Amino acid sequence: MDKNKQWIVDLRQSSAAVFKEVYQAYHFKIYVFVRKFIQDPADIEDVVQNVFIHLWKHRKNLHPDIPLNAVLFKTSKQEVALWYRKNKPY
């Protein structure tokens, strides 16, 4: 079993250690991705944190055949859109 599938299987079993591994592996990549859309470092960190909160809350729904990076970057796009909706100027 490849690392991606193993991570997903372990996340589904609520492994905090694997969550930490995933966080360490993807935090910087997600940060750089979100920075393309949001400029303020504090806001970027908030969005990145929300991505990982979403991952933890929905870990039971992860499917081992769907790459984890696809899930994380799709969630990132959704969180950026949510941030814009909450912070759009009137």
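Student: How many helices and strands does the protein chain have, and what makes a stretch count as one or the other?

Tutor: The protein chain has four helices and zero strands, where helices (H or I, at least four residues) and strands (E, at least two) are DSSP runs numbered from the N terminus. Read from the N terminus on, the elements run α-α-α-α. This is a predicted model, in which local features need pLDDT of at least 70 and side-chain atom pairs count only at pLDDT 80 or more, while totals for chains, interfaces and linings use all residues. Residues are numbered from 1 along each chain as its sequence is written, and side-chain values use heavy atoms, with hydrogens and water left out.

Student: Which residues of helix H1 are buried, and what makes them line one face?

Tutor: In helix H1 (residues 3–12), the buried residues are Asn 4, Trp 7, Ile 8, Asp 10 and Leu 11, buried being under 20% relative accessible area, exposed over 50% and partly exposed in between (1.4 Å probe, protein chains only). Seen down the axis of H1, these buried residues fall within an arc of 165°, so they line one face of the helix; the arc is that of the directions from the helix axis to the C-beta atoms. An α-helix has 3.6 residues a turn, so residues three or four places apart point the same way. The buried residues of H1 pack against helix H2 (16–35), helix H3 (41–57) and helix H4 (68–87).

Student: Why is the pair Lys 5 and Asp 65 called a salt bridge?

Tutor: A salt bridge requires a side-chain nitrogen of Lys or Arg within 4 Å of a carboxyl oxygen of Asp or Glu, and the side chains of Lys 5 and Asp 65 meet at 3.3 Å, N to O, so the pair qualifies. The pair links distant parts of the chain, with Lys 5 in helix H1 and Asp 65 in the loop between H3 and H4, 60 residues apart. The structure holds one salt bridge.

Definitions and conventions: Contact = heavy atoms within 4.5 Å.
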